[in-house]
Amino acid sequence: MKNLVKAVVFSLSSTLVATSAFAAAPEHHSQHHHHQPQKTHVQQQYHAQHKSPAHAQQHKQVHKKIDPSRDWHVGQKVPAQFQSKMYKVDHSKYKKLSKPGKNQQWIKVNGDYILTNVMSHNIIKIIAG
């Protein structure tokens with residue numbers, strides 16, 4: 001009985017060692033063909049959570065709060081994302097806004113009011129909110 005237990009333990013341990021050695025064996029690459037192994041789901045999650053500092057900086061710049069009265073100037077084009085009708089405001093509801101001229105409109109971005117040319121999307125005037 002003792003020998004049978006030893007044989008089973010030896011068999012299982014041999015299988016375990018062979019399996020782990022096979023899993024850890026490096027892939028054979030030719031000099032002309034480079035193959036990148038697929039990332040596991042866990043690796044993908046790790047890389048998504050631990051991005052490079054350069055990527056984090058880029059992410060901050062994209063999602064930085066826009067302050068038109070500080071960041072924009074007269075003559076500059078209004079960025080495309082602020083050219084939609086959802087930013088348009090009615091000047092008559094605000095005392096500090098003058099009546100826009102032909103092909104002009106007021107938009108409100110993060111509390112600031114910007115008079116724009118609707119044809120060229122250039123900034124005509126900026127009023128801090």
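So, D67: this side chain is partly exposed, at a relative accessible area of 23%. By that I mean between the two cut-offs, where buried is under 20% relative accessible area and exposed is over 50%, with a 1.4 Å probe and protein chains only. Before I go on, this is a predicted model, so local features need pLDDT of at least 70 and side-chain atom pairs count only at pLDDT 80 or more, while totals for chains, interfaces and linings use all residues. Residues are numbered from 1 along each chain as its sequence is written, and side-chain values use heavy atoms, with hydrogens and water left out.

Back to D67. Its side chain meets that of R70 in a salt bridge, 3.7 Å from N to O. The cut-off there is a side-chain nitrogen of Lys or Arg within 4 Å of a carboxyl oxygen of Asp or Glu. R70 counts as exposed, at 57% relative accessibility. R70 also meets D71 in a salt bridge, this one at 3.0 Å, N to O. D71 is partly exposed, with 29% relative accessible area. Shared partners then join D67, R70 and D71 into one network. How many salt bridges does the structure hold? Two.

Okay, the overall layout. The chain has four helices and four strands, and from the N terminus they run α-α-α-α-β-β-β-β. These are DSSP runs numbered from the N terminus: H or I for helices, at least four residues, and E for strands, at least two. Of the 129 residues, 14% are buried. The chain exposes about 10,800 Å², and carbon and sulfur atoms supply 58% of that; the areas come from the Shrake-Rupley method with a 1.4 Å probe, and for residues only the protein chains shown count as cover.

Now the sheet. It's open, four strands in the order β1-β2-β3-β4, with antiparallel pairing. β1 (88-89) and β4 (123-127) are at the edges with a single partner strand each, so one side of each has no neighbour in the sheet. Strands count as paired if DSSP finds at least two bridges between them. β3, residues 112-117, pairs with β4 in the antiparallel sense over four bridges. If you want to look along that pairing, T116 has I123 as its bridge partner in β4, and Y113 stands opposite I127. The two strands form a hairpin with five residues between them, and H121 in the turn has a positive phi of about 65 degrees.

On to the cores. Which residues make up the largest nonpolar core? There are eight: W72, V78, F82, Y87, I107, V109, I114 and I123. A core here is a set of buried Ala, Val, Leu, Ile, Met, Phe, Trp, Tyr and Cys residues joined through side-chain atoms within 4.5 Å. A second, separate core has six residues, including L97, W106, Y113 and I127. As background, nonpolar side chains in soluble globular proteins tend to be buried together.

Y87 is worth a click. Leaving out residues up to four places away in sequence, Y87 touches Q81, F82, W106, I107, K108 and V109, where touching means heavy atoms within 4.5 Å. Then there's H73, which sits in the loop between α4 (68-71) and β1. With its neighbours within four places set aside, H73 contacts I123 and I126. H73 and I114 are 41 residues apart in sequence, and their C-alpha atoms are 9.9 Å apart.

Last topic, the aromatics. There are three aromatic pairs. The rule covers rings of Phe, Tyr and Trp (its six-membered ring) with centres within 6.5 Å; planes under 30 degrees apart are stacked, over 60 edge-to-face, and the rest tilted. F82 and Y87 are edge-to-face, 5.1 Å centre to centre with 70 degrees between the planes. F82 is buried, at 7% relative accessible area. W72, F82 and Y87 form one aromatic cluster.

And why is the Y94 and Y113 pair called tilted? The centres are 5.1 Å apart and the planes are at 55 degrees, so the pair lands in the tilted class. This pair links distant parts of the chain, with Y94 in the loop between β1 and β2 (104-109) and Y113 in strand β3, 19 residues apart. Y94 is partly exposed at 29% relative accessibility, whereas Y113 is buried at 6%.
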